[in-house]
Amino acid sequence: MNKEPAIAVLYHIFYEDSYDLVCNELQPLQPYHPILLFNICTNTPGKNQMSEALKKAFPGCFVIFTSNKGKDIGAKLAMLQFFMQLQLTADYFLLLHDKKSLQALKSATWKDDLLKVIFPDNIAAVFQRFEQNDQCGIVATKEYIITEPFEENKFSGINGQLLDELVLTYGLRPDSFEFVAGTMFWVRAAPLLQFFGRFNPLEIRKQLENGNVIDNFSGTVTHSWERLLSWIVTSNKMFITGI
Amino acid sequence: MGEAVKLDSNFQQNVYNGHIMQVPVNPYYTISARLLLQNTGSIPEMAPAIRINILLNIPKVQFPDLFLILGTIKNNFLISLPAGVVSDQQLLVSILPECYLLSSLDNFSLAAGNILPIIAEEALLPGNKNTDLIQNYFLEQGTRPWQFPNFSLQQTVPQQTANCSFNVFCPVSNNEDIETIFPDATIIAFAAGIADITAFNKYTALVKTYTSPDFFSTTFIEKKLHEEELQNWQQRALLYRSFLSLSKSVQQKEYYDVLDWYKKEYEALPLWYKRFGHIIKVLMGKRSFRSLFNDKFKKNTD
């Protein structure tokens, strides 16, 4: 019989009305006894009350407050550093945040689609994917696995220039430039911990933009790291699979 | 000056200019991280209402244990750095991520502002330039500016800087009256004599006996929290307004992107090709045959 997978959930909360949503979303994971790390934005009204409520709903969880730097990416980097600081162990991370993307046309369905990975019926399938193939590094909603355009030996999208620099700096050479848009996915812990053991997540976080940056009009370090979080894993000869 | 009260005969008092100090209200009680780690079993006995000031006098390898403790207790806390650590640039830089993450824990107290006291065993030191390293690191992580008040464990007179004061209790034998000196003082330290947390609990309980009603402190903290909350709501209102205006430009761009794609992928095709495409649609059942000749008929089938 397979042992129960050790899970750590890193959940970033930005919006003041996310408490019920978070509790509902995490309910299906409770049988797996995950380690829960929450990051609430320091600017979120009612953060203290939300933190108290989370600790009541999920005893033993950890809550940190960090500034709105690098949006959910900056928060996830802070939580990764916190996780490493605690010297806890996990087989898989689940990265989540209370995405709303109010500026986008598809905002209403975006979050729901991304959350397919924690629908009760899908959780067992996720672990099956990981267990069946050691090279399976990330499991995400298939519609949000997209490929960053790469033409004539360089990235050609809006974040292209930054991506060229970053993959060089961090020595990332994935076989394909697929990544999970929206940064909500299951990921094998080992490659992330190995990478962030070499490159301190807080040092990377320093470089991210402050506030609610978007990459609709120009490239951002934050959105570039959205891609790199996937490529850290796929550079280890692993692949992304969709459900 | 507050109303004088008698100290318990078992309590070791400190003397300031012939008077015994009134203990400040709702203060942070200084406790060394080393002592905390040596007494993990006693930590649950600490009343959740006690606020603590952790003196980070442990090596880097012991920080994970400290995180596990502080991440799970209910007590609000501050962190302080020993002056020796701050003056050792290499050591200080190595623990900056730990200091930042400790200050990010939800029970880290910002009631008195962003304060990270530097505490020396000996006489007061002048400002340490290495505090710039801490300041810059924290600012780069997106925090508001911090203050680094210097205090000494040897000085038994009240030590005060902006937003923060520090009182050290030293053992003396006689009983005296006490009077209010700093009703809004924030940090208390015991110079010596505490071997474990049980003793710490006893002293803090005794100190609390002699504190003024928490009125000033409570209102001060509540006011601070209320102001912060108000500011957060104001920022949030501005954010939602910016989303409204941003969504217009973003959706406009998305609309023109789609239109542009349509023009390049479909509109550029020759007319005969497009017409042929409509016949294929009819053959596939995606369009009614009669709509090819009369606009009155429903064009597309669902």
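I started at Val9(A) and skipped residues up to four places away in sequence; it touches Leu26(A), Leu29(A), Pro34(A), Leu36(A), Leu37(A), Leu94(A) and Leu96(A). My rule for contact is that the two C-beta atoms, placed from the backbone, lie within 7 Å.

Before going on, I noted that this is a predicted model, where local features need pLDDT of at least 70 and side-chain atom pairs count only at pLDDT 80 or more, while totals for chains, interfaces and linings use all residues. Residues are numbered from 1 along each chain as its sequence is written, and chains are lettered from A and ligands numbered from 1 in the order in which they are written.

**The core**

Next I looked up the largest nonpolar core, and it has 112 residues. Val9(A), Leu37(A) and Phe185(A) are the ones with the most contacts inside it. Helix H3 of chain A, residues 71-86, gives the most to this core, with eight residues. A nonpolar core here is a set of buried Ala, Val, Leu, Ile, Met, Phe, Trp, Tyr and Cys residues joined through C-beta atoms within 7 Å. Buried means that 20 or more other C-beta atoms lie within 10 Å of the residue's own, exposed means 12 or fewer, and partly exposed is in between, with C-beta atoms placed from the backbone. Helices (H or I, at least four residues) and strands (E, at least two) are DSSP runs, numbered from the N terminus.

**The sheet in chain A**

In what order do the seven strands of the open sheet in chain A run? I read S3-S2-S1-S4-S10-S5-S11, with mixed pairing. Strand S3 (62-66) and S11 of chain A are at the edges with a single partner strand each, so one side of each has no neighbour in the sheet. On average, neighbouring strands of this sheet are turned by 20 degrees against each other, direction ignored.

I then followed one pair: strand S1 (residues 7-13) and strand S2 (residues 35-41) of chain A pair in the parallel sense over six bridges. Strands pair if DSSP finds at least two bridges between them. Ala8(A) stands opposite Ile35(A) in S2(A).

Helix H7 of chain A (residues 189-198) packs on the sheet, where it touches strand S4 (92-97), strand S5 (136-140) and strand S10 (185-188) of chain A. The direction of H7 makes about 70 degrees with that of S10(A). Axes are lines fitted to C-alpha atoms, for helices over the stretch in contact, and angles run from 0 to 180 degrees between N-to-C directions.

**A loop residue**

I found Asn236(A) in the loop between helix H9 (221-234) and strand S11 (239-242) of chain A. Is Asn236(A) exposed, buried or partly exposed? It counts as partly exposed, because it has 17 C-beta neighbours inside 10 Å. Leaving aside neighbours within four places in sequence, Asn236(A) is in contact with Gly137(A) and Pro191(A).

In chain A, helix H6 (residues 160-169) has Leu162(A), Leu163(A) and Leu166(A) as its buried residues. They fall within an arc of 95 degrees seen down the axis of H6(A), so they line one face of the helix. The arc is that of the directions from the helix axis to the C-beta atoms. These buried residues pack against strand S8 (154-155) and H9 of chain A. After H6(A) comes Gly171(A), with a positive phi near 60 degrees.

In chain B, the buried residues of helix H6 (residues 131-140) are Ile134(B), Tyr137(B) and Phe138(B). Down the axis of H6(B) they fall within an arc of 95 degrees, so they line one face of the helix. On the other side of H6(B), I found Asp132(B) and Asn136(B) exposed. The buried residues of H6(B) pack against H5 of chain B.

I counted up chain B as nine helices and 12 strands. Of its 302 residues, 28% count as buried. Strand S6 of chain B (residues 77-82) is mostly covered, with five of its six residues buried.

**Where the chains meet**

Last, I checked the contact: it takes 29 residues from chain B and 29 residues from chain A. H8(B) gives the largest share of the chain B side, 13 residues.
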